Amino acid sequence: MGKDDCSLFSPWVGRAVPGLTESCHSSARNLWDAIGSYGTVLLWNPPTPMPFVRRAFVLLLLCGLSAGPAAAQPTAAPDSLSLSQIDGATLQSTTLRYDVTVTAGGQSRTFSAVRALTATQTGGRDTWTVTDRTSLPQATVVDSLVLNRTTLRPVMRRLSGPMTMTVSYTDTSATGELQLRGRSQRIDASFDRPTLAGGANVRMALAALPLAPGVSATLPIYNEQQQSTQTLRFDVTGTESVASPAGTYDTFVVSIQSSGGGLSGTLHVRQTAPHHIVESTLTQPGPRGDRTFTRTLTSIGSNGPAD
């Protein structure tokens with residue numbers, strides 16, 4: 001694998017695929033710094049053609065929020081909301097459709113993303129299953145996350161597409177495997193406290209917290225790709241009426257900041273629980289300039305197939 005190939009594969013190249021040179025590790029880490037880890041998919045239009053298998057892995061496959069590279073964890077304010085205050089009973093079976101635009105280097109690409117939230121039973125337990133489908137010109141990426149129906153703590157995550165991943169969770173561990181181009185990497189992590197998964201877990205948790213102006217929330221997240229625990233802090237800074245293709249909503253304005261000062265931006269979430277995102281703009285700094293990710297709600301309705 002040459003340096004050019006290596007640079008196309010997000011953090012999995014440097015961390016998940018064994019046997020790479022240090023220069024290749026460095027290229028992968030630089031790409032992670034450059035593109036961040038929020039949104040649905042980042043698919044570039046490069047100056048020279050790229051085969052689809054290489055192109056498809058220039059992805060932000062968290063389809064949710066992740067803090068980026070690990071850093072020192074900030075201390076929560078005394079009045080900060082925490083995982084213990086999440087109430088999964090506030091959620092309802094719903095299908096949310098979004099337009100997601102990624103802008104960098106003077107180029108923008110817009111993709112459609114569908115999130116279906118369904119009440120399910122898993123191993124005899126009441127659960128929510130959150131299924132994200134992100135449409136690319138050549139493929140569809142499916143990210144399925146099973147959550148405890150009350151606490152919204154992760155039970156299992158499955159990712160399918162050119163890259164596959166299966167992870168099982170307890171309150172204090174994550175075990176599984178991710179596979180890329182015929183190579184696999186074992187995931188085996190222990191936590192000293194309950195921790196959210198990547199993908200949709202953070203957005204569902206935010207939707208189920210008792211938000212109000214002036215409150216904050218500090219949430220720990222396990223980044224499966226980097227196999228590290230990170231922190232996102234949310235602060236409700238005010239209220240605003242936001243018009244979207246799905247309608248006009250009274251929203252809370254929520255600022256977001258990752259540990260280490262990487263990912264930052266603003267979310268507009270519905271004031272009415274569950275606090276689903278109506279609009280968001282996030283920025284990830286990098287050595288070649290900022291990357292901006294915008295998400296706009298286009299429809300919301302009773303649950304149906306996320307196709």
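Predicted model: local features only at pLDDT ≥ 70, side-chain atom pairs only at ≥ 80, totals over all residues.
Where along the chain does Ser80 belong? Its place is the loop between helix H4 (52-56) and strand E1 (94-104).

If you set aside residues up to four places away in sequence, Ser80 touches Gln85, Ser216, Ala217 and Thr218. Take Ser216 from that list: this residue and Ser80 are 136 residues apart along the chain, yet their C-alpha atoms are separated by 4.8 Å. So is Ser80 buried or exposed? Its relative accessible area is 11%, and because the cut-off for buried is under 20%, Ser80 counts as buried.

Now hop over to another loop, the one between strand E4 (140-148) and strand E5 (154-160), where you'll find Leu152. Have a look at its backbone: phi is near 60°, a positive value in a residue that isn't glycine. Leu152 is buried too, because its relative accessibility is 0%.

Arg181 gives you another positive phi in a residue that is not a glycine, this time about 50°. To find Arg181, look in the loop between strand E7 (173-180) and strand E8 (183-190).

Our last stop is a peptide bond. Which residues does the cis peptide bond join? They are Ala273 and Pro274, and omega there is about -5°. Pro274 lies in the loop that runs between strand E12 (264-270) and strand E13 (277-284).

Notes:
Residues numbered from 1 in each chain as written. Heavy atoms only, no water. Helix = DSSP H or I, 4+ residues; strand = E, 2+ residues; numbered from the N terminus. Buried < 20%, exposed > 50% of the residue type's maximum accessible area, 1.4 Å probe, protein only. Contact = heavy atoms within 4.5 Å.
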